[in-house]
Amino acid sequence: MQKLRREAIERAKLNSACNTIISTLLVVLITLLGLFICDLSGIIQLDKPLQYISAANAIKDQIPERNFISASQTGTLEPLQGQHIDKIDVIKPLIDHRAYRYLELENNLKVLLIHDPESEIASAAMDVKAGSWNEPYEYPGLAHFCEHMLFIGSQKYPQTGYFDDLMAKGGGSSNAYTEAQNTNYYFEITVNHLGKGLDAFAHFFIDPLFNEDAVNKERNAVNSEYEIDVSSEDWKVVNLFALLADPQHPASRFSIGNNDVLAKEGVVEALKKFYQDNYSSNIMSLAVSSRLSLNEMEKLIKVFSKIENKNLIPQSVSGFPYQFGLLGKYKTEKKLILLNWQLSGREQFVHQKPLELIDYLLSNGNLKDYLKEKQLVIEFETSIFIEQNHFVNYIIELTLPEQTLEDGNIALEITRIINNYIQQLEVWLKDDKYLEEIFKEQSSISKINFEYMEGTQEISNIAYNLNKYQPAEVLSSSFIMDVFDKDLILKYISELKKTDNLLILIGDDEYQFTENTLKTNNKEFLKDKRLDKKSEIYRLEYATQKMNKDIIKIITQKDLKLQKLFIKPQKNLFIPDNLKLVSLCDSNQSKLPQMIHTDQLKYQDKESKMNLLHHAGLDLQEFPVHQCKKEENEYQKKNHYPILLNKEKNQWWKISTKFKLPTVSGAIFIQYTKPLTIKQFTSIRIYNFISDEEINKQLRQPLTTGYSIELDMGKQIEIKVYGFSEKVRSFFKKICGCINPFRDKSKSFIQLDDKKEESSNFIRAKQSLITSIKDIFQMKLYEQSYQLYLPSILRKDFFNPEQVLQQIPNITEEQMFSDIKDILQNSIQGSLLIGNIDQKNAQDLSTELETCIYKKEEAQNQKSNRLPISVLNLNQKNWVYAKFVESDKGDLNGVTLNYYQIGQRTQENYALMKILQPLLNSQAYNNLRTDLQLGYVVTMKFKQVSCIDGALFLIQGNKELPMKVNELIEEFLLQFNEYLKKLNKKQFEYLKHSAIVELREKPQTLSEEADRLWGYISTGEYNFEERQITIERLKSITKQQVLEFYENVFINNKSKISLQLYGEGMVSQTLSLKNNQEFDSYIKTNMPDGAQLYSDIKLSYYDCPNDVSSV
């Protein structure tokens, strides 16, 4: 799939010098042009609140990978006679327990082996220094197409889908992406399958097949991907940059590919030639990680020495691809301004990180606050946009209030303000003392966040870095900041002040295309709502104009009065000094909590579990001083369960220093005991945006030091916090000060005066909510299907975003506070603290958190009853819900989401789903995508909606209409039933074993352990032992039980709804229908036998005591 490229890495690169663990309240704005094949099998959580997505936001995290499960034997190979580079010691974090070995094979393939003794999951990645810029002009998208084809088969493994089947058997997943000058392939698999996985993976690059039949089929997948991407708001800016590039530069190429260009005669030979000309072992790097020893892994990678070394020299492209100094406009669905500077490349400045330092200073002074206070913007985000070794694009994205673009010159005013801030920044940085202090501070943060990095970096990132940086710095390259270069920093500041490398790009939904030429006057151009350029392949309408001298003078003129208002970032008070790990023996006078074992929790009711886990923290065991430390180590190693500190207040704690992290993860939930009205829901969503803004303003220092916060206010309130244990208490205190609506008005960031005028914070929050709702309707169709339409059908408490949109103008600031206080007075609370914190400090902090968002008196009088969740009972219905989605003109895609309801969760059903999931998903992918080519997005997933289990089949494409896709899914389910019957005993035992291996996988990070426990605590079920009990159930499950379960859910007694979304282009062009009336008539005429149109009359519901989600 075409990828807006490497979101997490590139944001980390920009801020890792400052080594920011970015708050998830901030929308990460990262896009770099590239391609990314991603075959879906996971689903983003159905119950997850709809999130704002930036126009240029990378989409990797939105698209799940292929996830399969199983187990087999590891291949055995002869010892490798390779070249060890013994002098290279990989720089690794202080707490990293992994062992590393760098070597180069005889064919000059660079290899990094990683021994990770704690993980049952192995992984591998290959990076190739060749991408879309290497492809011939005659076949745009060929590099991306080649990436797809390498998964299809090799001479040793010619069977189409062999690698996917292997992933399914080995509990694995695979993906790849193509960028401008590199392509990256990666997979993960249970360690018992690593040998076979590596052998098949190696043959991607040894003897790939480009079978003509497979090429013709896979081309449809690339075209489907193109149709999805070109219809997406996320991609408009990326595609626009291709249009603005020098036509002679490869950045101008159409790099996705579609049927028009990839169906040309000779494409098979072109693929072979592209592979032969651009893939060579000397420009490739391999990374492998597993719990196998380094020597064992070294034997397994011998096969990679068979990759041909053609001694290729990586392509070198010099010069800037874009000729800026431009004003630009384009039609998009929300009002925004993008300021983009084309700057000198930064790849050689790994140790200096000048742009990272400048970004910190731009983002952490008061520039954002000033623009917001002037009501010019509601969001301000910075990022690296498109980058290669000789240039980098630095971009500021500004989301505007709805009304501001009536005068296009507002873009000039915003640019003028930002340019004056950059001028003032240059003055600050000429103060040697200040600049050195800031650099030293950011260098210190960088080092701490590297030394205490949570978890490991993604294997694909490691392979990428291995092909780019020195082997010793493959892990540290994104973090190192140890060379101070004042002149280099000022050089980048100087480039940011130039206008000939600046693009001012304005997006607006009111722009309309015209055949007429636009006026040449810049100011008239900005006011004009017309566009005079159109791209058919990208389906974009836009206009550009060179900046004239008058405009340049306006945006660059120094304003001393304005510059005096700017405040530079001050000393960071949240850099930790004490990074020691706590000891219960030292803090608790050699007393430890009681160890609770799984057998003690089995089959206990909720009340008994709570009592057991409560007393474990009260009845402490005392040990002799010399023995206590040993017992404490044993306790931490074997204890899986938290302590209930306060039963009435639902406060939980678990010490966890096994990851060697001096950090704490904390979480609070507040659940309502009365149903929300839509007015109350709208009020609390507005307040969420107010709190977000205040947190980001007041807590900039910790949020750029390794602390993070997630705040979600909707159907419940949830706060998640992560930070260094030494200062996490003050961090929590500041957060609570930002979000507590009961605080004294004199201390509030919102002032309600007698004039009853709405505060600027409140106005911006309403605008932000409006923008976020509009973004929902611009999501890709498959995202809308499971984040919007299916929950609206299944959940009785779902509030339609359009209804919320209608409520917003009617909510006053006073009403909002009244609604929130009423909600909180009818709610219950719970909390969890886990990590480097002892029992006493956890108790003290938990007590303080009681009043984080309550009045003290309210905190003492919480009601104990949770609000039940009503979920639609399909009750053996066979419904069709069809929707004509008109929001994106020309969208030829359709989506089919078939949901099969199972019923309320039982331990046996959970075990059965764990067995079926990987096999059903992989076979659905092979049949519906690989064979039938129904679409690029094809996935199957078991999923809970509140406490009700179900199964989802999701397909987006344009080859068949959704009604037909629904029938093909039904045909597949019958075929799979026969396939399931033919499974032999050995194959069935493999499936069971892989499910057990997956459930046995321990949390690999503190955050992962916290999330796992929080999933049980926040639902109020406290099924901490679920995994262990499921493992025991799995051991006794028979094939006949699986068959009976499958047939009951999918064939004989199915309770089903087929949700079908038809894009505007599919309705108007494919079906030639003119309006909704004709569409409704078409649906009624083409209903499958036995199905009925969905009706909301006389519905019945399950009542779930808690909002349980999949764990």
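## How helix pairs are described

Axes here are lines fitted to C-alpha atoms, for helices over the stretch in contact, and the angles between their N-to-C directions run from 0 to 180 degrees. The model discussed below is a predicted one.

## Helix 10 and helix 12

Helix 10, which covers residues 354–364, and helix 12, which covers residues 410–429, have axes that come within 11 Å and cross at roughly 120°. Because of that angle, helix 10 is oblique to helix 12, and the crossing in which helix 10 passes helix 12 is right-handed.

The contact brings together Ile 358, Leu 361 and Leu 362 from helix 10 with Tyr 421, Ile 422, Leu 425 and Leu 429 from helix 12. Sorted by class, the residues where helix 10 meets helix 12 are 7 nonpolar, with no polar and no charged residues.

Leu 496 belongs to helix 15, which is made of residues 486–497. Is this residue, Leu 496, buried or exposed? Its relative accessible area is 1%, and since buried means under 20%, Leu 496 is buried.

When residues up to four places away in sequence are not counted, Leu 496 touches Trp 341, Leu 343, Ile 358, Tyr 394 and Ile 422. Among these, Ile 358 of helix 10 and Ile 422 of helix 12 also take part in the contact between those two helices. Leu 496 and Gln 423 are 73 residues apart in sequence, while in space they are 9.3 Å apart from C-alpha to C-alpha.

## Helix 2 and helix 5

A further pair is formed by helix 2, residues 142–150, and helix 5, residues 212–230, whose axes come within 10 Å and cross at roughly 120°. Helix 2 is therefore oblique to helix 5, and helix 2 passes helix 5 in a right-handed crossing.

On the side of helix 2 the contact is made by His 144, Phe 145, His 148 and Met 149, and on the side of helix 5 by Ala 214, Val 215, Glu 218, Arg 219, Val 222 and Glu 225. The residues in this contact of helix 2 with helix 5 divide into 5 nonpolar, 2 polar and 3 charged.

## Helix 23

Helix 23 runs over residues 678–698, and at 1.5 Å a residue its 21 residues should span 30 Å, which agrees with the 30 Å between its end C-alpha atoms.

Conventions: Residues numbered from 1 in each chain as written. Predicted model: local features only at pLDDT ≥ 70, side-chain atom pairs only at ≥ 80, totals over all residues. Heavy atoms only, no water. Helix = DSSP H or I, 4+ residues; strand = E, 2+ residues; numbered from the N terminus. Parallel < 35°, antiparallel > 145°, perpendicular 65-115°, else oblique. Left-handed = near helix turned anticlockwise from the far one by under 90°. Contact = heavy atoms within 4.5 Å. Nonpolar A, V, L, I, M, F, W, Y, C, P; charged D, E, K, R; others polar. Buried < 20%, exposed > 50% of the residue type's maximum accessible area, 1.4 Å probe, protein only. Expected span 1.5 Å × (residues − 1).
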